[in-house]
Amino acid sequence: MKAYTTYAVDKTLELLAIDSPTGYTRAAAEWVLKEFQDMGYNARLTEKGGVLADLGGADERNGVLLEAHTDTLGAMVAEIKGNGRLRVTPLGGMRAENAETENLRVHTRGGGVMEGTLQLCNPSVHVNGSYGDTKRSFDTVEVVLDEDVKTAEEARAAGIEVGDPVCFDPRSRVTASGYIKSRFLDDKLSVGILLGLARYLKEEAVVLPRRTYVHVTVYEEVGHGGSASVPAGITEAISVDMGCVGNGLQCTERQVSICAKDSGGPYSYELVGRLIEAAKKSGAGYAVDVYPYYGSDVEATLRGGNDLRHGLIGAGVFASHGYERSHVDGVRNTLLLLKTFLEA
């Protein structure tokens, strides 16, 4: 799977370069759609804005749905201040203390793009004696535009308005040692992995025993991404999302994580067991963990009223919802697990 691992990482980097905070995902979704269509798959945009792709397979009454998401954390302009700076409200679980000093882009409804930085209000340590004591929140930070605007009127004249999406620089790179570092690996890395899987199936002319679909959702970060667009005949759905790495957990960035339970409760005991068996059979490096603060697309699928078994896997990601890090080995192990599970 080396070539498909490389392909998955390359596609991840391309997707990371497309701004797509929750609610502003059209360009990323159209990119994903084109990738599947260019490989020859039947794929379409859903009314909600996601991408549903049919990977084929024999048994249409016992199908599998693989879910990943291309929406990311971000922010939205909530107020244009009198000094021309912007108060923003977070999209998803973006943290002010984590985003402070990050470069960003504001996309206007007129099609303009303005650069800026998220800074503490009064951010100079040479001026602000309370710099270190100030609690970081979205009430104490602001967007400073890289434009000559000093009033709210000037900012509006430049095209800024309340409701404009604020997109943070992902700062993506792959190190010589194979580490993948970027904001928003959650969950664009998994989209890259599913594109790698799709390419493998197409180039190797693999016909899966069960009908298999991919749903790339666009509202996962706010909790309802996978709640709709489940094709007929699906009996199992698997979220392919980031695997947690942190204190008290076993997984590393170089493994594929299999989640047994998260904030929404336990995943299907039967399906989790079969995912573990597939990991063992494939020789993939894996870990089984319980995530303390996590929710997934597939739980939204269940809450949408669908009768199916559910699971969650993903390449290990360190520093989730921050400046994240994974590894090409984690990508490869996730591909191996998916390949073996789907071909069983």
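Student: What volume does the largest cavity have, and how do I read that?

Tutor: Here's the general idea: rolling a probe the size of a water molecule over the atoms shows where empty space is left. A cavity is a set of points, on a 1 Å grid over the protein atoms alone, where a 1.4 Å probe fits but cannot get out. Its volume is the space filled by probe spheres set on the points, which are joined across faces, edges and corners. In this structure, the largest cavity comes to about 60 Å³. Keep in mind that this is a predicted model, where local features need pLDDT of at least 70, side-chain atom pairs count only at pLDDT 80 or more, and totals for chains, interfaces and linings use all residues. Residues are numbered from 1 along each chain as its sequence is written, and side-chain values use heavy atoms, with hydrogens and water left out.

Student: Which residues line the largest cavity?

Tutor: Lining residues have an atom within 4 Å of a point. Among them here are Leu16, Ile18, Asp19, Cys167, Phe168, Phe184 and Lys188. By class, the lining has eight nonpolar, two polar and two charged residues. Ala, Val, Leu, Ile, Met, Phe, Trp, Tyr, Cys and Pro count as nonpolar, Asp, Glu, Lys and Arg as charged, and the others, Gly among them, as polar.

Student: What is Phe168 in contact with, away from its neighbours within four places in sequence?

Tutor: Contact means heavy atoms within 4.5 Å. For Phe168, the partners include Gly74, Met94, Leu118, Arg183 and Phe184. Phe168 is also one of the residues with the most contacts inside the largest nonpolar core, which has 96 residues. Such a core is a set of buried Ala, Val, Leu, Ile, Met, Phe, Trp, Tyr and Cys residues joined through side-chain atoms within 4.5 Å.

Student: Is Cys259 buried or exposed?

Tutor: Buried means under 20% relative accessible area, exposed over 50%, partly exposed in between (1.4 Å probe, protein chains only). Cys259 counts as buried because its relative accessibility is 0%. Its contacts, leaving aside neighbours within four places in sequence, are Tyr267, Val272, Asp289, Tyr291 and Leu312.

Student: And Ala17, buried or exposed?

Tutor: Ala17 has a relative accessible area of 60%, so it's exposed.

Notes: On a 1 Å grid over the protein atoms alone, a cavity is a set of points where a 1.4 Å probe fits but cannot get out, and a pocket is an open set with protein on both sides within 12 Å along at least five of seven lines; lining residues have an atom within 4 Å of a point.
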